[in-house]
Every structure is written in C-alpha cells, then in structure tokens.
Amino acid sequence: METHTLETAGADLVYDVRGPLPALDGRPPLFMIGQPMDASGFVALAARFPERTVVTYDPRGLGRSVRNDGRVDHTPRTEADDVHAVIEALGVGPVEMFASSGGAVTALAVVAAYPADVTTLVAYEPPLTTLLRDAPAAVRARAAVTEAYKKRGSEAGMAAFVAMTSWKGEFTDAYFAQPPADPAAFGMPTEDDGSTAELLGQWASVFPSHHGGFMDGEVGYAGKPDEFAHRLRQFLDGAS
C-alpha cells in the first residue's frame, strides 16, 4: 500500500492506493469512500478485493487529512470536489466506487458534478431523509440531533443520532415525546426501501449484516465482511 498527500484548496488530503496503477486486470481502480468514517473503516473490505487496485481516502478534517480553510462544516459539493481531485491525481481515468453512509451522499454529488469520474457507483445507505415517506418528520428528527450537538456537545449529539437511527418505522409523536437521549445509556462519556434508487432510474438491493456490515470489528461492531464483499463483487462484476 502506498500513501499519498494531495494539497488542495483548503485541505491536505491523504489517500491510500493498494495495488498498481494502472491496475493489472485492466479494470478501473475501486475507490471506497465514507463520511464521517475515514479510510481506516475500509481495511477489512479492501483486504477482500486482493485482485483489485483499491483506493481509500480520509475526507477533509477527518483522520489524516488536515483542513486549513478555517471551517468545520461538511458539504457534499466540497467533498465531491475533493474526491474529484483525488481521482485526477490517480491519473488513470474514471473509477468504480463503493460509498457508504455520508460518503454515499458525497458520491452522488460526485456523479452529478463529475459524471465522467465514475463508471459504476454502489451507494450504500445514503442518509437522504428528504426522500422518506415521512420526510417532514425525519427532517425534524435530524434537526434535533444538530440542536443537541450545538447545545449539549458532541456526545449528546451522537446519543441523539443513535436514538434517531435506532427508531423503527416512521417518526411519530411517540418519538418526539421521548426525553433527550442520554450519552451514558450508549456507553459514551457525559462530559462533552428502494424508492431512493428508483429516482435515479436504478435499483436497490439488500446487503448482508448492518450499516457497518463491511467491517470486521476494527471500527465499531463487527459485520459480515466476507458476505458483504461477495455481494459487492457481484454488483461490480455485473456492471463491468
């Protein structure tokens, strides 16, 4: 694995390349991105694609990528510009992309702004709350997470996020009647369906395990990386 640093406007982006460029098999590199997870979360999944050249990176301000723009917010377009810059730095043309969570939102911004950068995108569980059936309530729930972070700190914000993402079904009055989520209840310090894909004219599919199903326990709780990698390989091979 080779690690590189790319200086861009506002950030020094660190990315890793596993395998040769151009790839020996003649296929595009497989670029794996997350948000707010950095490259460390893809160690297990990348290891299950030994025949591919795999690229991972740390988004600006996360992991090893240091931002110097004086900002702390993250916007899909800025993240998309960063990913585009890394793809250009690779110098081998478009990539195939697996993007998880917030990284999937970034990836959708990439294909919108730079369609020539990506041949195949697997957008895994992007948090597109405005497309849910109960979108107004979901947006209200998401806003409450931000409010908890601003008023009571990062751990309170994370506890509110866990409570929100753990809720089953639509966000009803019962959800909003709950007391504020307690970070201690989640072991944190107290100090501080297919409709989305249909809009793109594509299809949605179920992947094994949970939201971090491609990890083997190095970050968060273990999923089923072998089964997950097999499912991802089926998609990428079928799209080639």
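Met-32, in strand β3 (residues 30-33), stands opposite Thr-56 in strand β4. Strands here are DSSP runs of E with at least two residues, and helices are runs of H or I with at least four, both numbered from the N terminus. This is a predicted model, in which local features need pLDDT of at least 70, side-chain atom pairs count only at pLDDT 80 or more, and totals for chains, interfaces and linings use all residues. Residues are numbered from 1 along each chain as its sequence is written, and side-chain values use heavy atoms, with hydrogens and water left out.

**Strand β3 and its partners**

- β3 pairs with β4 (residues 54-57) in the parallel sense over three bridges; two strands pair if DSSP finds at least two bridges between them.
- β3 also pairs in the parallel sense with strand β6 (residues 95-100), over four bridges, and there Ile-33 stands opposite Ala-99.
- In a regular strand the side chains alternate between the two faces of the sheet.
- In β3, Leu-30 and Met-32 point one way, while Phe-31 and Ile-33 point the other way, and all are buried.
- Buried means under 20% relative accessible area, exposed means over 50%, and partly exposed lies in between, with a 1.4 Å probe and protein chains only.

**Helix α2**

- Helix α2 (residues 76-90) has 15 residues and reaches 21 Å from its first C-alpha to its last, close to the 21 Å expected; the expected span is 1.5 Å times one less than the number of residues.
- Buried residues in α2 include Glu-79, Asp-82, His-84, Val-86 and Leu-90.
- The cover over the buried residues of α2 includes β1 (2-8), β2, β3, β4, β6 and α3 (102-113), where contact means heavy atoms within 4.5 Å.
- Gly-91 follows α2 and has a positive phi, near 70°.

**Salt bridges**

- Side chains of opposite charge can pair when their charged atoms come close.
- The count comes to 15 salt bridges, each being a side-chain nitrogen of Lys or Arg within 4 Å of a carboxyl oxygen of Asp or Glu.
- Arg-52 forms a salt bridge with Asp-25, with the closest N and O atoms 3.8 Å apart.
- That pair links distant parts of the chain, 27 residues apart: Arg-52 is in the loop between α1 (43-47) and β4, and Asp-25 is in the loop between β2 (11-18) and β3.
- Arg-52 is buried, at a relative accessible area of 5%, whereas Asp-25 is partly exposed at 37%.
- Both residues belong to a network of salt bridges that links Asp-25, Arg-27, Arg-52, Glu-96 and Asp-237.
- Asp-69 and Arg-60 meet in another salt bridge, at 3.0 Å from N to O; Asp-69 is partly exposed at 28% relative accessibility, and Arg-60 is buried at 4%.
- Within helix α4 (residues 135-152), Glu-147 and Lys-151 lie four residues apart, about one turn of the helix, and form a salt bridge with closest N and O atoms 3.3 Å apart.
- Glu-147 is partly exposed at 36% relative accessibility, and Lys-151 is exposed at 64%.

**The whole chain**

- The chain holds eight helices and seven strands.
- Its 240 residues give a radius of gyration of 18 Å, which agrees with the value near 18 Å for a compact globule; the radius is taken over C-alpha atoms, and the globule rule is 2.2 Å times the number of residues to the power 0.38.
- Along the principal axes, the C-alpha atoms fill a box of roughly 55 × 40 × 35 Å.
- Buried residues make up 42% of the 240 residues.
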